[in-house]
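This report walks through one protein model. Start with the sequence and coordinates shown here.

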Amino acid sequence: MLLSRHGSISLSWHDKSWGISFYNHGKSRAFRKPSIQASISDVQSLKDLSIQASISDVQSLKERESSFLVMTDSIEKIKHQLKYVHMTASPYDTAWVAMVPHPSSHQDPCFDHCLDWILQNQHENGSWGNSNLGPSLLKDKLSSTLACVLALKKWSCGEEQIKNGVRFLVSNIGSIFDEQLTSPIGFNIIFPGMLKLATEFGLKLPLGDTAVGEILSLQKLELQRNSINNSRGRKEYMAYIAEGLGSFLDFNNIMKFQRANGSILNSPSTTAYLLTQCYDDKAFNYLSSLLQQVGSTVPATYPMEMHSHLFMVDALQNMGIARFFGDEIKIILDRAYSCWLERDEQIISDMATSAMAFRLLRMNGYDISSDLLMKFEEASSFNDSMHGYLRNMRPVIEIYKASQTKLFSNEDVLNKINLWSSILLKEEVSTEPISHDQTVYQEMKFALEFPFYSNMDRVDHKRSIERFNFGKIRMLKTSHMPCSANEDVLKLAVGDFNNCQSIYREELKDLNSWVKQCKLNQLQFARQKLTYCYLAGAATLFSPDVSEARIAWCKGSVLGTIVDDFFDVGGSIEELESFVALFDRWDGKCRKEFYSEQVQIIYMAIDGFINELATKAFTLQNKDITEHLVKIWLRLLRSMMTEARWQRNKSIPTLEEYMENGSVSFGLGPIILPAFYFVGLKITDEILKHDESDHLLRLVSTCGRLVNDIRGVERDGKEGKLNSVSLRILNSGNSLSIEEAEKDVKKSIDDTRTELLKLVLKEGTAVPKPCKELFWKMYKILHSFYMNTDGYSSPKEMVSAVNAVFNDSLNV
């Protein structure tokens, strides 16, 4: 594809000496490492590449080369991160582990290298903690600093560091009472608890009796609040923050939450606190194993590898850059699949991780049952957990998204999960936004408004890129970053989106020229929907390496729209019959006699389009596809002719007749099927003739016809047309209301979508996965256009999507 189709530049994106080519062929995606061998530092180098460029063109190419270099660097760093999870150090947890005494000598630290880390990693202002944390996370630094000071005091070392730490605590102690600052989980219990421990250690904090009393009262109030709540969620919460409870600690309760790996709820700090109070083999082995993995710094939660890897895969897919990491992602998902089958604790013990694993595995073609989610089929699975007690809605968002990935109509577990999770999310969204973490609040709203099948990929990518930086820090008892490659992920996503956006603009210019050359803009009866047609292609077939598929998709959509309008309102019955006859007798020769100028314009445009595709495809497929393309168009025209006769003769077809014909006349064949030839595969006759291709087309076309009918029932009624809604009412003897008929249609849409998705995701079928994915992409486009109204006919409904994909700059 050309970087610029205008002026004098004609540098191919696929040229090995310049660009990046990426292939996304199912789970076995291959990545060809980009190699930018061309130097574009001056005009002479451009001449060496046989490119005659203006000064502005040189600058543009320099900027693009620079962007590619940044992207290449980011790709390598992210690849490393996908292989080896970097666990962000938690000074808070490291301090608690440093306080664990040696099993054979309680006068000595067991993990003295953690103590060394604390001595060597104090900030100049006396604090410990992530130096990049903003002022809103000051309480996190206070908690980490007090824990580190306690560790040093316990083992009587680091006198200077203790002084500096105390100075930081005293100068910022007023922030403890600032409710506008983000609080770590259990802060109002843990921080006062550590303050009591400081007294036991003989550490003097010059705070004054009044200040100390006010701080201790925070713990008292927090413990009194919900003290009558005896739920499992509160008990789990109390076990999680055990280090802050002191004399209030119930050891029987804390041991109920010891995991098979020996940890207390995968928390190093809680597990370490247990070992400061009593020895436990399993807990000791957990910390010893952890430190063998991480060295001298301890993360906020462990193990976290599976969750972090799944989080990164999800982020890469959401931002549209997963295609760069096909091999790495497959390794991660293969491992997650094994963990799922083995019921590994890393996956099954946590609702959010279980849900994310299920969704990612299922949507990437793994044969995975929803039975393992049965433990979450009731709302109590959340309400009786610590997340429910704390009203942490992230797990609910994840389980809600997972519940939508139904492949079978009888997956009752997903139906039950969807019911309770959607109700809970709606209740939370209806409350005051100020009471929520704004990132989580917006995610809840988005999840409810836009199911995973309801938005176009590139629109979703833009939103995810713009919001990615805001959600990178998660707050546990201390700040935690599930993805430590944030900066590189964002750089790559931004560079890729901007490069693609510039390509889309150039392609759209060329397509505008094509419309004018074909005189399609002179057809007064026809809707001029080029931008929407190209939006549908660019927003889903977004990668640069499928440019020809994207353009074919768009031109097929434009011509299909014009033909639809021609048969609906633009042509007389004589024109329509002559038009169909031209394709009945199609022999590839240019005809000089046409019934009318309208017929000539439309026929010549389709004829030219067929020849253009056939020429391009011959290079890729080494065969002539002309006959196949003509058959696709002829089938569409005959079905449209049938509908035209029904309308003119005022015939009333049965619902079955209407749907059988309507699934063809909806016009998706000339859009989807030609794109098969341009997704990087050799397309055999067996693929084209197999029943699976027809079945996939029929399913997505049925969905399209039905969603269009729901949005167009009022309009069709005014125009004297019947559709699937009005035919249901007629067939019932007018006993069905419009609302009831629409409910039946929506049920059919849901059932058809489930069947379509199951077939698209099924591995090892006759139609290759990249081809099957075209049908699912089309379904998402249809749902996007017809989700609220007939967005395709509306002049305004899709404007925001057009701007997002083509015009608006990223806001990051």
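Which residues lie nearest the centre of the second largest pocket? Arg527, Asp564, Asp568, Arg705 and Asn708 do. The model is a predicted one.

## The second largest pocket

The lining of this pocket comprises 47 residues. The space inside is about 1,100 Å³. By class, the lining holds 23 nonpolar, 11 polar and 13 charged residues.

Several helices take part. At least two lining residues come from each of α24 (530-538), α25 (547-570), α28 (626-649), α29 (655-665), α32 and α35 (769-786). Helix α25 contributes the most, with nine residues.

## Helix α32

Helix α32 covers residues 691-718, which makes 28 residues.

The bend is about 65 degrees and is centred on glycine 712. Just after α32 comes glycine 720, with a positive phi of about 75 degrees.

## Helix α9

How many of the nine residues of α9 are buried? Seven are, so this helix, residues 232-240, is largely enclosed by the rest of the structure. The buried residues are Gly233, Arg234, Glu236, Tyr237, Met238, Ala239 and Tyr240.

What do they pack against? Their partners are α7 (187-200), α8 (209-224), α10 (251-255), α11 (268-277) and α18 (386-390).

## Alanine 147

Alanine 147 sits in helix α5, residues 138-154. Is alanine 147 buried or exposed? Its relative accessible area is 0%, and the cut-off for buried is under 20%. Alanine 147 is therefore buried.

Leaving out residues up to four places away in sequence, alanine 147 touches Tyr92, Ala95, Trp96, Met99 and Met194. Threonine 94 is 53 residues from alanine 147 in sequence. In space, their C-alpha atoms are 8.8 Å apart.

## The whole protein

The protein has 812 residues, and 58% of them count as buried. Its secondary structure consists of 36 helices and six strands.

Sequence separation can be read from the contacts. Take those between residues at least 6 apart in sequence: 72% join residues at least 24 apart.

Methods: Residues numbered from 1 in each chain as written. Predicted model: local features only at pLDDT ≥ 70, side-chain atom pairs only at ≥ 80, totals over all residues. Heavy atoms only, no water. Helix = DSSP H or I, 4+ residues; strand = E, 2+ residues; numbered from the N terminus. Expected span 1.5 Å × (residues − 1). Bend = angle between axes of the 7 residues up to and from the residue. Buried < 20%, exposed > 50% of the residue type's maximum accessible area, 1.4 Å probe, protein only. Contact = heavy atoms within 4.5 Å. 1 Å grid on protein atoms, 1.4 Å probe; cavity = no way out; pocket = protein on both sides within 12 Å on 5 of 7 lines; lining within 4 Å. Points joined across faces, edges and corners; volume = space filled by probe spheres on them. Nonpolar A, V, L, I, M, F, W, Y, C, P; charged D, E, K, R; others polar.
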